[in-house]
Amino acid sequence: MNSFDIQSFIITIDELVFSHTGEHLDDLQHEILEGVVNHQKYAEIAQKNHRSQKYIKETAGKLWKTLSEILGEEVSKSNLKSSLQRYCYSNFSNSSNIKDVIQINSGNFCTGKENSELHSSNIYQQAKLETIPELIKEGLTIEQIARVLKLPLELVRSQLEEFE
């Protein structure tokens, strides 16, 4: 799975969580999701993020609990993608709106946005991405930019690499 697909997957989950809780995923939750999608063990995710394996498991457990409540089924590390597929299919398959569908490996993930909303969202995100070089010139770190723009850290990094 390429970096863009992973970030799209995480953004989809972030939007879903935000729409139900009013809170975005934090950086560690992003890292946990990325690690899970890349088939990493909690120990690997912990080492990469300089945290204990116990802390990663606890944080992931809270994330799975939140997603379980939102998706209406038990969500775990092993069924995350299939749970999201089922949720999108059951909630959006009968709708006449054109949906934002994100391809992850052989599965489709959708955010349930109408085409006009998707267009606005993509334009908004592109505008955010285009401000990154200017924010770097102003002295902000990559982490600060990701936090201020509410974008995944890896997406900011990859965008910055494109400008270099």
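The model is predicted, so local features need pLDDT of at least 70 and side-chain atom pairs count only at pLDDT 80 or more, while totals for chains, interfaces and linings use all residues. Residues are numbered from 1 along each chain as its sequence is written, and side-chain values use heavy atoms, with hydrogens and water left out. The chain has 8 helices and 2 strands. Helices (H or I, at least four residues) and strands (E, at least two) are DSSP runs, numbered from the N terminus.

**Overall layout**

- From the N terminus, the order of elements is α-α-α-α-α-β-β-α-α-α.
- The chain holds 164 residues, and 41% of them count as buried. Buried means under 20% relative accessible area, exposed means over 50%, and partly exposed lies in between (1.4 Å probe, protein chains only).
- Among contacts with a separation of 6 or more, 46% join residues 24 or more positions apart. Contact means heavy atoms within 4.5 Å.

**Helix H4**

- Helix H4 covers residues 53-71, which is 19 residues.
- At 1.5 Å a residue, H4 should span 27 Å, and its end C-alpha atoms are 26 Å apart, which agrees. The expected span is 1.5 Å times one less than the number of residues.
- Buried positions in H4 include Ile 56, Thr 59, Ala 60, Leu 63 and Trp 64. Leu 67, Ser 68, Ile 70 and Leu 71 are also buried in H4.
- Gly 72 follows H4 and has a positive phi, near 80 degrees.

**Nonpolar cores**

- The largest nonpolar core has 27 residues. A nonpolar core is a set of buried Ala, Val, Leu, Ile, Met, Phe, Trp, Tyr and Cys residues joined through side-chain atoms within 4.5 Å.
- Ile 13, Ile 32, Leu 33, Trp 64, Leu 67 and Leu 80 touch the most other members of the largest core.
- Two or more residues of this core come from each of helix H1 (3-21), helix H2 (27-37), helix H3 (42-48), H4 and helix H5 (80-92).
- H4 gives the most to this core, with 7 residues.
- Another core, of 11 residues, lies apart from it, and its members include Leu 129, Leu 149, Leu 153 and Leu 160.

**Residues to look at**

- Ile 32 touches Ile 45, Ile 56, Thr 59, Ala 60 and Trp 64, not counting residues up to four places away in sequence.
- His 30 sits in helix H2. His 30 counts as buried, at 11% relative accessibility.
- Leaving aside neighbours within four places in sequence, His 30 is in contact with Ile 10, Asp 14, Leu 25 and Pro 152.
- Leu 63 lies in helix H4 and is buried, with a relative accessible area of 2%.
- Leu 63 touches Leu 25, Gln 29 and Leu 33, again not counting residues up to four places away in sequence.
- The C-alpha atoms of Leu 63 and Val 75 are separated by 9.0 Å, and the two residues are 12 residues apart along the chain.

**Salt bridges**

- The chain has 4 salt bridges. A salt bridge is a side-chain nitrogen of Lys or Arg within 4 Å of a carboxyl oxygen of Asp or Glu.
- Lys 48 and Glu 31 form one, at 3.2 Å from N to O. Lys 48 lies in helix H3 and Glu 31 in helix H2, so the pair ties together parts 17 residues apart in sequence.
- Lys 48 is partly exposed, at 43% relative accessible area, whereas Glu 31 is buried, at 10%.
- Arg 86 pairs with Glu 73, the closest N and O atoms being 2.6 Å apart. Arg 86 is in helix H5 and Glu 73 in the loop between H4 and H5, 13 residues apart.
- Arg 86 is partly exposed, at 41% relative accessibility, and Glu 73 is partly exposed, at 24%.
- Arg 157 meets Glu 143 at 3.7 Å, N to O. Arg 157 is in helix H8 (residues 153-163) and Glu 143 in helix H7 (residues 142-149), 14 residues apart.
- Glu 143, Glu 154 and Arg 157 are linked in a network of salt bridges.
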